[in-house]
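I opened this notebook to record what I looked up on pockets and salt bridges. The entries follow in the order in which I made them.

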Amino acid sequence: MRVANDKAFIAPVRRCTIVVVGCHVAGGKWRWNILRSTCFDYGDPGAGKSEFASTFPKPIIVFQFDPYGKDTPYLRRGRPTDFTFDHLGTPVRQIMSRKTGALLIQIEYFHDTDWVMDAKGQGANQTVLNIAHVNPECWERFGKRMYYFSHEEYAQWATAVFDSVTTMEIAARAFFQYKINPNAKDGRQWWGEATSALEQILYTRVGGFPMNVVTLAHVDKEQDEVLGVRVRNPLAPGRLRGSLGGAYGEFYHHFVSQARDVNNRPAGEREYLVQTQGSSQWNASSQIHAPDPCPSTYQALWTGEEAA
């Protein structure tokens with residue numbers, strides 16, 4: 001990738017000791033001018049994951065697979081614009097600073113909303129009109145978006161957010177089920193293809209993004225063995241289950257804490273926290289000495305690193 005002005009790549013991020021990367025400038029050289037981290041954050045719905053991601057350095061680009069309404073934590077960060085559509089047909093909203101008018105967050109929505117009329121679907125020879133089959137296109141559109149993102153936009157963003165793994169997997173699986181391999185005899189083929197697609201993006205690609213990366217996921221209800229202890233891990237398909245967090249320097253579990261009275265009734269305010277170190281119940285780790293537990297903000301993560 002060639003960038004005409006590498007100064008645009010400098011982002012207002014805190015000191016980091018994990019990885020130092022830069023943008024590829026003209027002449028084939030790297031300019032080491034930004035410090036960043038990769039963060040995988042998982043938790044139950046409502047735990048505050050998107051709110052946490054919205055506190056990362058700006059400008060942020062959000063690849064939003066979760067439904068409308070789940071984008072509210074990003075929208076609250078400033079003044080949202082009306083919807084526009086990019087050249088691929090993706091709905092886009094920008095959140096601008098109320099003070100300066102600068103771009104804070106850009107949300108790009110990847111949803112399947114089209115349905116097939118007169119669909120054969122999975123090999124069935126149907127001749128009547130049928131609206132029971134979705135016409136998936138958002139995963140293919142997302143793949144094209146990643147091409148343009150990697151070739152043209154690395155210098156524009158301080159943080160990239162993927163929200164979330166759960167809905168990304170559903171979008172990928174629908175693409176392989178209804179478009180690529182509708183006549184599969186074994187439905188496990190769709191799951192395998194979706195797993196491979198997510199593996200390429202979330203495990204092998206985002207670690208090389210020259211910016212902060214935040215990937216959000218939900219909780220797997222099953223347990224895995226880690227260092228001889230049975231713990232909970234992020235919800236992910238196939239072989240990514242129990243291993244996806246290994247592709248990220250920061251691997252957190254998000255939860256809500258609330259004090260209780262003597263009768264075990266909730267008392268006091270809810271506190272949204274990030275678990276940054278593993279326990280006998282949850283898998284987590286940190287390379288930056290983030291406090292454990294830690295308040296759910298980007299700034300709070302670095303207090304441990306500054307004290308080290």
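**Entry 1: the largest pocket.** I noted that helix α1 (residues 49-53) contributes the most to the lining of the largest pocket, with three residues. Helices here are DSSP runs of H or I with at least four residues, strands are runs of E with at least two, and both are numbered from the N terminus. I worked from a predicted model, in which local features need pLDDT of at least 70 and side-chain atom pairs count only at pLDDT 80 or more, while totals for chains, interfaces and linings use all residues. Residues are numbered from 1 along each chain as its sequence is written, and side-chain values use heavy atoms, with hydrogens and water left out.

I looked up the volume of the largest pocket and found about 260 Å³. Of its 17 lining residues, G46, G48, K49, S50 and K70 are the closest to its centre. A pocket, on a 1 Å grid over the protein atoms alone, is an open set of points where a 1.4 Å probe fits, with protein on both sides within 12 Å along at least five of seven lines; lining residues have an atom within 4 Å of a point. Volume is the space filled by probe spheres set on the points, which are joined across faces, edges and corners. I sorted the lining by class and recorded five nonpolar, six polar and six charged residues.

**Entry 2: the second largest pocket.** I recorded about 200 Å³ of space for the second largest pocket. Twelve residues line this pocket, and H111, D112, T167, I170 and A171 are the closest to its centre. Helix α4 gives the most to this lining, with four residues. The classes here are eight nonpolar, two polar and two charged residues.

**Entry 3: salt bridges.** How many salt bridges does the structure hold? I found ten, each a side-chain nitrogen of Lys or Arg within 4 Å of a carboxyl oxygen of Asp or Glu.

I examined E140 and K179, whose side chains form a salt bridge at 3.9 Å, N to O. This pair links distant parts of the chain, with E140 in helix α3 (residues 138-152) and K179 in helix α4 (residues 165-180), 39 residues apart.

I then turned to R145 and E153, whose closest N and O atoms are 2.9 Å apart in a salt bridge. Both residues, R145 and E153, are buried, that is, under 20% relative accessible area, where exposed means over 50% and partly exposed lies in between (1.4 Å probe, protein chains only).

Definitions and conventions. Nonpolar A, V, L, I, M, F, W, Y, C, P; charged D, E, K, R; others polar.
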